[in-house]
Amino acid sequence: MKKIILGYGKTGKSFEKYLKKNSEKYLIYDHLEKKSQLKKNELNKFDTFYVSPGIRLEDLFSKTDLQKKIFLTDLDIFFKKNSSYKIGITGTNGKSTFAYYLFQYLSLSTKVSLVGNIGRPMLECIDSTARFTIIELSSFQLHKMNKNFLDLSVITNIQVDHLDYHGNKKNYVDAKLRICNDGKKTFFLDQSKDLKMQAKRVAKYVLPDKNLDSIKLMPLQHRLEKVNKNVLNDSKSTNSHSLLYALKKTKFKGHLIICGSPHKENLSQIKIVGPKRVWIFGKHRFELKNIVEHSDLHIEENLLLVLKKIFKIDLNSKILFSPGNPSGKDFNNFEERGNYFKKIVMEVLNEQKRKSI
(Lines give C-alpha, C1' and ligand atoms only; values in the text may rest on other atoms or scores of the structure.)
Protein backbone atom coordinates (compact mmCIF):
# COMPACT_ATOMS: atom_id res chain seq x y z
CA MET A 1 0.00 0.00 0.00
CA LYS A 2 1.17 3.56 -0.69
CA LYS A 3 2.89 5.52 2.06
CA ILE A 4 1.57 8.97 2.97
CA ILE A 5 3.77 12.02 3.48
CA LEU A 6 2.14 14.38 5.98
CA GLY A 7 3.26 17.93 5.29
CA TYR A 8 5.13 19.10 2.20
CA GLY A 9 7.67 21.53 3.57
CA LYS A 10 11.42 21.00 3.84
CA THR A 11 11.09 17.67 5.68
CA GLY A 12 8.20 16.48 3.51
CA LYS A 13 10.28 17.03 0.38
CA SER A 14 13.15 15.07 1.92
CA PHE A 15 10.70 12.21 2.59
CA GLU A 16 9.71 12.35 -1.07
CA LYS A 17 13.33 12.07 -2.24
CA TYR A 18 13.92 9.17 0.17
CA LEU A 19 10.85 7.25 -0.99
CA LYS A 20 11.65 7.83 -4.66
CA LYS A 21 15.20 6.59 -4.09
CA ASN A 22 13.80 3.42 -2.56
CA SER A 23 11.16 3.00 -5.32
CA GLU A 24 8.32 3.32 -2.83
CA LYS A 25 4.89 4.56 -3.85
CA TYR A 26 3.54 7.53 -1.92
CA LEU A 27 0.95 10.29 -1.79
CA ILE A 28 1.20 13.73 -0.20
CA TYR A 29 -1.17 15.33 2.28
CA ASP A 30 -0.70 18.99 3.11
CA HIS A 31 -2.98 21.61 4.64
CA LEU A 32 -2.42 23.70 1.52
CA GLU A 33 -4.77 22.21 -1.04
CA LYS A 34 -2.55 22.98 -4.04
CA LYS A 35 0.25 20.84 -2.57
CA SER A 36 -1.99 18.01 -1.41
CA GLN A 37 -2.91 14.86 -3.33
CA LEU A 38 -5.38 13.76 -0.66
CA LYS A 39 -8.25 15.17 1.35
CA LYS A 40 -8.24 14.94 5.13
CA ASN A 41 -11.14 12.45 5.19
CA GLU A 42 -9.17 10.05 2.96
CA LEU A 43 -6.26 9.58 5.38
CA ASN A 44 -7.90 6.73 7.29
CA LYS A 45 -7.61 4.50 4.22
CA PHE A 46 -3.85 4.22 4.81
CA ASP A 47 -1.67 2.65 7.49
CA THR A 48 1.85 4.15 7.24
CA PHE A 49 2.64 7.86 7.45
CA TYR A 50 5.84 9.88 7.16
CA VAL A 51 5.30 12.86 9.44
CA SER A 52 6.74 16.37 9.13
CA PRO A 53 7.63 18.10 12.45
CA GLY A 54 4.90 20.75 12.53
CA ILE A 55 2.00 18.38 11.80
CA ARG A 56 -0.36 17.87 14.75
CA LEU A 57 -1.46 14.26 14.42
CA GLU A 58 -4.24 14.88 16.93
CA ASP A 59 -5.86 17.22 14.40
CA LEU A 60 -5.94 14.52 11.73
CA PHE A 61 -6.70 11.27 13.58
CA SER A 62 -8.84 10.03 16.45
CA LYS A 63 -7.16 8.62 19.57
CA THR A 64 -8.04 5.12 18.42
CA ASP A 65 -6.49 5.62 14.98
CA LEU A 66 -3.36 7.10 16.53
CA GLN A 67 -2.82 3.78 18.30
CA LYS A 68 -3.44 1.65 15.21
CA LYS A 69 -1.40 3.38 12.53
CA ILE A 70 2.36 3.64 11.91
CA PHE A 71 3.85 7.13 12.12
CA LEU A 72 7.51 7.63 11.20
CA THR A 73 9.64 10.76 11.45
CA ASP A 74 12.83 11.44 9.56
CA LEU A 75 14.59 10.93 12.90
CA ASP A 76 13.19 7.40 13.26
CA ILE A 77 14.44 6.50 9.79
CA PHE A 78 17.82 8.11 10.39
CA PHE A 79 18.29 6.15 13.62
CA LYS A 80 17.66 2.91 11.77
CA LYS A 81 19.70 3.54 8.62
CA ASN A 82 22.69 5.63 9.74
CA SER A 83 25.54 4.22 11.86
CA SER A 84 27.29 7.41 13.00
CA TYR A 85 27.66 8.57 16.62
CA LYS A 86 24.55 10.73 17.04
CA ILE A 87 24.55 13.90 19.15
CA GLY A 88 21.12 15.46 19.70
CA ILE A 89 20.78 19.12 20.69
CA THR A 90 17.59 20.83 21.84
CA GLY A 91 16.51 23.86 23.85
CA THR A 92 14.29 26.89 23.64
CA ASN A 93 17.21 29.12 22.67
CA GLY A 94 20.84 28.72 21.68
CA LYS A 95 20.60 25.27 20.13
CA SER A 96 21.55 26.37 16.59
CA THR A 97 24.50 28.43 17.82
CA PHE A 98 25.70 25.62 20.09
CA ALA A 99 25.29 23.01 17.33
CA TYR A 100 27.31 25.16 14.93
CA TYR A 101 30.11 25.67 17.45
CA LEU A 102 30.24 21.95 18.27
CA PHE A 103 30.29 21.13 14.55
CA GLN A 104 33.33 23.35 14.08
CA TYR A 105 35.19 21.80 17.01
CA LEU A 106 34.55 18.21 15.91
CA SER A 107 35.24 18.99 12.24
CA LEU A 108 38.79 19.97 13.16
CA SER A 109 39.85 16.31 13.20
CA THR A 110 37.09 14.16 11.74
CA LYS A 111 34.11 14.10 9.38
CA VAL A 112 30.88 15.49 10.84
CA SER A 113 27.33 15.92 9.50
CA LEU A 114 25.21 18.83 10.74
CA VAL A 115 21.51 18.06 10.24
CA GLY A 116 17.98 18.69 11.47
CA ASN A 117 16.79 22.25 12.00
CA ILE A 118 20.29 23.41 11.12
CA GLY A 119 22.26 22.16 8.13
CA ARG A 120 20.89 19.60 5.67
CA PRO A 121 17.72 17.50 6.10
CA MET A 122 18.50 14.26 7.94
CA LEU A 123 17.42 11.95 5.14
CA GLU A 124 19.81 13.61 2.70
CA CYS A 125 22.68 12.49 4.97
CA ILE A 126 21.42 9.02 5.68
CA ASP A 127 24.21 7.36 3.67
CA SER A 128 26.93 9.66 5.00
CA THR A 129 30.14 8.07 6.24
CA ALA A 130 30.64 10.84 8.82
CA ARG A 131 31.88 9.67 12.21
CA PHE A 132 29.58 12.08 14.06
CA THR A 133 26.15 13.48 13.29
CA ILE A 134 24.99 16.58 15.15
CA ILE A 135 21.19 16.80 15.08
CA GLU A 136 19.37 19.96 16.13
CA LEU A 137 15.97 18.81 17.39
CA SER A 138 12.79 20.77 18.00
CA SER A 139 10.11 19.88 20.53
CA PHE A 140 7.95 18.86 17.54
CA GLN A 141 10.47 16.24 16.42
CA LEU A 142 11.09 14.90 19.91
CA HIS A 143 7.36 14.70 20.62
CA LYS A 144 6.83 12.45 17.58
CA MET A 145 10.03 10.36 17.91
CA ASN A 146 9.18 6.68 18.42
CA LYS A 147 12.32 5.64 20.33
CA ASN A 148 15.48 7.46 21.34
CA PHE A 149 18.73 6.10 19.87
CA LEU A 150 20.92 9.16 20.49
CA ASP A 151 24.42 8.49 21.77
CA LEU A 152 24.69 11.86 23.49
CA SER A 153 22.25 14.67 24.15
CA VAL A 154 22.51 18.37 25.00
CA ILE A 155 19.83 20.66 26.42
CA THR A 156 20.70 24.34 26.13
CA ASN A 157 17.73 25.54 28.24
CA ILE A 158 13.99 25.01 28.59
CA GLN A 159 11.62 27.97 28.73
CA VAL A 160 8.02 28.41 27.59
CA ASP A 161 7.53 28.13 23.82
CA HIS A 162 5.27 26.57 21.18
CA LEU A 163 2.19 26.62 23.42
CA ASP A 164 0.00 26.85 20.33
CA TYR A 165 1.20 23.33 19.45
CA HIS A 166 1.79 21.64 22.83
CA GLY A 167 -1.12 23.20 24.70
CA ASN A 168 0.67 23.85 27.99
CA LYS A 169 4.11 24.22 29.55
CA LYS A 170 4.22 20.65 30.93
CA ASN A 171 3.67 19.10 27.50
CA TYR A 172 6.39 21.31 26.02
CA VAL A 173 8.90 20.45 28.76
CA ASP A 174 8.04 16.73 28.52
CA ALA A 175 8.69 16.83 24.77
CA LYS A 176 12.07 18.50 25.24
CA LEU A 177 13.12 16.00 27.92
CA ARG A 178 12.52 13.10 25.55
CA ILE A 179 15.99 13.88 24.19
CA CYS A 180 17.45 12.26 27.32
CA ASN A 181 18.31 8.63 26.53
CA ASP A 182 18.55 6.20 29.47
CA GLY A 183 22.13 5.09 30.04
CA LYS A 184 23.54 7.80 27.78
CA LYS A 185 25.17 11.09 28.70
CA THR A 186 23.13 14.32 28.73
CA PHE A 187 24.71 17.76 29.09
CA PHE A 188 22.54 20.47 30.64
CA LEU A 189 24.13 23.79 29.70
CA ASP A 190 24.68 26.67 32.09
CA GLN A 191 23.02 29.83 30.77
CA SER A 192 25.50 32.00 32.65
CA LYS A 193 28.48 30.54 30.78
CA ASP A 194 29.81 31.08 27.26
CA LEU A 195 28.39 28.72 24.61
CA LYS A 196 31.77 28.41 22.90
CA MET A 197 33.42 27.07 26.04
CA GLN A 198 30.54 24.69 26.70
CA ALA A 199 30.69 23.40 23.12
CA LYS A 200 34.39 22.81 23.62
CA ARG A 201 33.64 20.81 26.78
CA VAL A 202 31.21 18.55 24.92
CA ALA A 203 33.70 18.15 22.06
CA LYS A 204 36.39 17.12 24.56
CA TYR A 205 34.00 14.54 25.99
CA VAL A 206 33.66 12.74 22.65
CA LEU A 207 37.23 13.46 21.45
CA PRO A 208 39.24 13.46 24.69
CA ASP A 209 42.64 13.14 22.99
CA LYS A 210 42.23 16.08 20.61
CA ASN A 211 43.69 19.53 21.13
CA LEU A 212 40.89 21.99 20.38
CA ASP A 213 42.63 25.16 21.54
CA SER A 214 43.77 26.31 18.09
CA ILE A 215 40.38 26.64 16.41
CA LYS A 216 38.79 30.06 15.88
CA LEU A 217 35.04 29.66 15.76
CA MET A 218 32.91 31.37 13.13
CA PRO A 219 29.61 32.98 14.24
CA LEU A 220 26.25 31.56 13.18
CA GLN A 221 24.60 33.41 10.30
CA HIS A 222 21.46 35.41 11.28
CA ARG A 223 22.30 35.26 15.01
CA LEU A 224 23.48 38.72 16.13
CA GLU A 225 25.26 38.96 12.79
CA LYS A 226 26.92 42.27 11.93
CA VAL A 227 25.59 43.86 8.74
CA ASN A 228 27.85 46.85 9.37
CA LYS A 229 29.24 48.53 12.48
CA ASN A 230 25.80 49.90 13.44
CA VAL A 231 23.36 47.20 12.27
CA LEU A 232 22.78 43.70 13.70
CA ASN A 233 20.80 40.96 11.98
CA ASP A 234 19.25 38.61 14.55
CA SER A 235 16.62 37.08 12.27
CA LYS A 236 17.17 33.70 13.97
CA SER A 237 15.22 35.13 16.91
CA THR A 238 11.89 33.27 16.74
CA ASN A 239 10.58 33.70 20.30
CA SER A 240 10.43 36.33 23.02
CA HIS A 241 13.18 34.70 25.10
CA SER A 242 15.59 34.98 22.18
CA LEU A 243 14.66 38.63 21.66
CA LEU A 244 15.14 39.52 25.33
CA TYR A 245 18.45 37.62 25.35
CA ALA A 246 19.67 39.68 22.36
CA LEU A 247 18.71 42.94 24.10
CA LYS A 248 20.49 41.90 27.30
CA LYS A 249 23.61 40.55 25.59
CA THR A 250 24.11 43.65 23.42
CA LYS A 251 22.80 46.15 26.03
CA PHE A 252 20.96 47.62 23.07
CA LYS A 253 19.82 51.27 23.19
CA GLY A 254 18.98 52.04 19.55
CA HIS A 255 16.19 51.15 17.12
CA LEU A 256 14.69 47.66 17.60
CA ILE A 257 12.75 46.14 14.68
CA ILE A 258 10.38 43.20 15.27
CA CYS A 259 7.90 41.28 13.13
CA GLY A 260 6.31 37.85 12.68
CA SER A 261 3.43 35.83 14.09
CA PRO A 262 3.04 35.96 17.90
CA HIS A 263 0.66 33.00 18.15
CA LYS A 264 3.03 30.22 19.21
CA GLU A 265 3.77 31.66 22.67
CA ASN A 266 0.26 32.97 23.42
CA LEU A 267 1.72 36.01 25.18
CA SER A 268 -0.64 38.64 26.53
CA GLN A 269 2.17 41.17 26.84
CA ILE A 270 5.91 41.58 26.25
CA LYS A 271 7.67 44.53 27.84
CA ILE A 272 10.63 45.90 25.87
CA VAL A 273 13.28 47.64 27.97
CA GLY A 274 16.46 49.23 26.59
CA PRO A 275 15.83 50.34 22.98
CA LYS A 276 14.96 54.03 22.55
CA ARG A 277 12.46 53.17 19.80
CA VAL A 278 10.62 49.99 18.70
CA TRP A 279 9.41 49.45 15.15
CA ILE A 280 6.85 46.79 14.15
CA PHE A 281 6.16 45.87 10.53
CA GLY A 282 4.49 43.18 8.44
CA LYS A 283 1.20 41.33 8.17
CA HIS A 284 1.09 40.63 11.92
CA ARG A 285 1.87 44.21 12.96
CA PHE A 286 -1.48 44.92 14.62
CA GLU A 287 -1.41 41.62 16.54
CA LEU A 288 2.06 42.54 17.80
CA LYS A 289 0.99 46.10 18.61
CA ASN A 290 -1.56 44.67 21.06
CA ILE A 291 1.05 42.80 23.10
CA VAL A 292 4.27 44.86 22.80
CA GLU A 293 4.77 47.43 25.56
CA HIS A 294 7.20 50.30 24.93
CA SER A 295 7.00 54.07 25.36
CA ASP A 296 8.00 54.86 21.74
CA LEU A 297 6.31 52.33 19.46
CA HIS A 298 5.98 52.77 15.67
CA ILE A 299 3.91 50.66 13.27
CA GLU A 300 4.69 50.40 9.55
CA GLU A 301 3.41 48.25 6.71
CA ASN A 302 6.77 46.94 5.56
CA LEU A 303 10.49 46.85 6.35
CA LEU A 304 11.41 49.29 3.58
CA LEU A 305 9.34 52.05 5.18
CA VAL A 306 10.85 51.32 8.60
CA LEU A 307 14.43 51.56 7.38
CA LYS A 308 13.81 54.69 5.32
CA LYS A 309 12.41 56.47 8.38
CA ILE A 310 15.24 55.28 10.65
CA PHE A 311 18.01 56.33 8.26
CA LYS A 312 16.28 59.62 7.60
CA ILE A 313 16.68 60.35 11.33
CA ASP A 314 20.37 59.39 11.31
CA LEU A 315 22.48 57.45 8.78
CA ASN A 316 24.50 56.13 11.72
CA SER A 317 21.49 54.82 13.62
CA LYS A 318 22.05 51.72 15.76
CA ILE A 319 19.64 49.02 14.53
CA LEU A 320 18.82 45.56 15.89
CA PHE A 321 16.57 43.34 13.79
CA SER A 322 15.43 40.69 16.29
CA PRO A 323 11.89 39.64 15.31
CA GLY A 324 11.11 37.60 18.44
CA ASN A 325 8.59 35.52 16.48
CA PRO A 326 8.35 32.94 13.69
CA SER A 327 8.00 34.42 10.20
CA GLY A 328 4.29 33.74 9.90
CA LYS A 329 2.81 35.28 6.75
CA ASP A 330 5.74 37.65 6.16
CA PHE A 331 8.49 35.24 5.04
CA ASN A 332 8.99 31.54 4.37
CA ASN A 333 11.62 31.17 7.12
CA PHE A 334 14.13 33.10 9.23
CA GLU A 335 16.86 32.69 6.59
CA GLU A 336 14.77 34.41 3.96
CA ARG A 337 13.84 37.31 6.23
CA GLY A 338 17.43 37.68 7.45
CA ASN A 339 18.80 37.84 3.92
CA TYR A 340 16.05 40.27 2.91
CA PHE A 341 16.84 42.48 5.90
CA LYS A 342 20.54 42.64 5.01
CA LYS A 343 19.74 43.40 1.37
CA ILE A 344 17.24 46.16 2.13
CA VAL A 345 19.51 47.76 4.77
CA MET A 346 22.31 48.19 2.26
CA GLU A 347 19.99 49.41 -0.50
CA VAL A 348 18.31 52.04 1.70
CA LEU A 349 21.55 53.10 3.32
CA ASN A 350 23.24 53.60 -0.05
CA GLU A 351 20.24 55.51 -1.37
CA GLN A 352 20.21 57.84 1.64
CA LYS A 353 23.96 58.43 1.33
CA ARG A 354 23.59 59.40 -2.34
CA LYS A 355 20.84 61.86 -1.46
CA SER A 356 23.00 63.45 1.22
CA ILE A 357 25.89 64.13 -1.19
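Start by selecting Thr97, Phe98, Tyr101, Leu102, Tyr105 and Leu106 in α4. Across from them, pick out Leu195, Lys196, Gln198, Ala199, Lys200, Val202, Ala203 and Val206 in α8, and you have the two sides of this contact. Colour the contact by class and you get 10 nonpolar, two polar and two charged residues. Bear in mind as you go that this is a predicted model.

How do their axes cross?

Next stop: α1 (residues 10–21) and α3 (residues 74–81). Here the axes sit 11 Å apart, at an angle of about 40°; α1 and α3 are therefore oblique to each other too. For the contact itself, select Thr11, Phe15 and Tyr18 on α1, then Asp74, Ile77 and Lys81 on α3. That set splits into three nonpolar, one polar and two charged residues.

Stay on α3 for the last stop. Is α3 mostly covered or mostly open? Mostly covered, with six of its eight residues buried. Select Asp74, Leu75, Asp76, Ile77, Phe78 and Phe79 to see them. Then bring up what these buried residues pack against: α1 again, the strands β3 (48–51), β4 (70–72), β5 (85–90) and β7 (132–136), and helix α5 (139–144).

Methods: Residues numbered from 1 in each chain as written. Predicted model: local features only at pLDDT ≥ 70, side-chain atom pairs only at ≥ 80, totals over all residues. Heavy atoms only, no water. Contact = heavy atoms within 4.5 Å. Helix = DSSP H or I, 4+ residues; strand = E, 2+ residues; numbered from the N terminus. Nonpolar A, V, L, I, M, F, W, Y, C, P; charged D, E, K, R; others polar. Axes fitted to C-alpha atoms, helices over the stretch in contact; angles between N-to-C directions. Parallel < 35°, antiparallel > 145°, perpendicular 65-115°, else oblique. Buried < 20%, exposed > 50% of the residue type's maximum accessible area, 1.4 Å probe, protein only.
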